[in-house]
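Thank you for coming, and please keep the sequence and the structure in view while I talk.

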Amino acid sequence: MLDPVTRPQGGLTIRCTRALLSPWSRLSLLVVVLASAATAVVLYEPQRLLSAGWPPQVDGAGAVFVFAVAYGACTAAFVPRPILNLAAGALFGTQAGLVAAVAGTVLGAGIAFTLGRVLGQDALRPLVRGRWLRAADGQLSRHGFRSMLAIRLFPGVPFAAANYCAAVSRMGYVPFLAATGIGSVPNTTAYVIAGSQASAPTSPAFLISAGFIVVTGLGGALVAWRKRHRLRTAAPAPVPQAVAPAREPAGVGAGAARDATRA
């Protein structure tokens, strides 16, 4: 009698594990995580810190640390950074507020970059086929620090969008975080000062910070407009495929050879 065929143990487990770890499964998990985070922001409304103030139970350096962690989580959940920067200035003043805001910015960018790199890159990279998308991906991959520094210095690209686009590219962690930390200081400082001087909107500090925000916003729009024309010509045009010469019908070449011989 023939011995019964034994199926390898764990075959179903391996298939399920591969399915769960596939690029599209991880991308689906990323969508669920981001949707849940956005829903939590809508329900809990962290922007109430601007009106309600910081809980009195937490103060000093501990309050700055907790705010920086909360700042990073909120930015990863699509809370606009200007609101959080104003809150940092209003709650802690210029110096401590700036430290909390910059630390939270780098932390939030790192969270978003990690989520996008681990859960979304493998599924989204094959979709980078359009001319503009390929040009932007090449710019971020080859000149990561310089490109991200320009994005942070001239606000125009949404913070979360820049984080996830950088995660899909081949940019490294160190250039991304370094450019984020350095490039976000000027604009963050302006918002923090404006938040700390919100009770005196006619003070020189508030007017200077507000003017800086307006000027950098216009500068970012100008840079984005110029980059649009560069991206149009940066991506190489598709190389046309060589057309194979048409084959002669069978017998034509042989008949021509016979006619030449007779002549």
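**From a surface patch to the interior**

The largest share of the nonpolar patch, three residues, comes from H4, where helices (H or I, at least four residues) and strands (E, at least two) are DSSP runs numbered from the N terminus. Before I go further, this is a predicted model, in which local features need pLDDT of at least 70 and side-chain atom pairs count only at pLDDT 80 or more, while totals for chains, interfaces and linings use all residues. Residues are numbered from 1 along each chain as its sequence is written, and side-chain values use heavy atoms, with hydrogens and water left out.

The patch on the surface is formed by Phe 65, Val 66, Val 69, Leu 107 and Ile 111, which together have about 410 Å² of accessible area, computed by the Shrake-Rupley method with a 1.4 Å probe and, for residues, with only the protein chains shown as cover. Patch residues have over 30% relative accessible area and no salt bridge, and are joined within 9 Å for like charges or within 5 Å for nonpolar side chains (Val, Leu, Ile, Met, Phe, Trp, Tyr); a salt bridge here is a side-chain nitrogen of Lys or Arg within 4 Å of a carboxyl oxygen of Asp or Glu. Helix H4 (60-76) and helix H5 (81-124) each supply at least two of the patch residues. Ile 111 has its place in helix H5, and its relative accessible area of 31% makes it partly exposed, on a scale where buried is under 20%, exposed is over 50% and partly exposed lies in between (1.4 Å probe, protein chains only).

As for the whole protein, the secondary structure comes to 12 helices and zero strands, and 32% of the 263 residues are buried. The accessible surface is about 16,300 Å², with 69% of it belonging to carbon and sulfur atoms. Where contacts (heavy atoms within 4.5 Å) join residues at least 6 apart in sequence, 78% of them join residues at least 24 apart.

Turning to the rings, a search of the whole structure finds five aromatic pairs, counted where ring centres of Phe, Tyr and Trp (its six-membered ring) lie within 6.5 Å, with planes under 30 degrees apart called stacked, over 60 edge-to-face and the rest tilted. Phe 67 and Phe 92 have ring centres 5.4 Å apart and planes at 70°, so this pair is edge-to-face. Because Phe 67 lies in helix H4 and Phe 92 in helix H5, the pair ties together parts that are 25 residues apart in sequence. Both Phe 67 and Phe 92 are buried.

Phe 113 and Phe 176, by contrast, form a stacked pair, 4.5 Å centre to centre with 25° between the planes. Phe 113 lies in helix H5 and Phe 176 in helix H9 (residues 173-183), so this pair ties together parts 63 residues apart in sequence.
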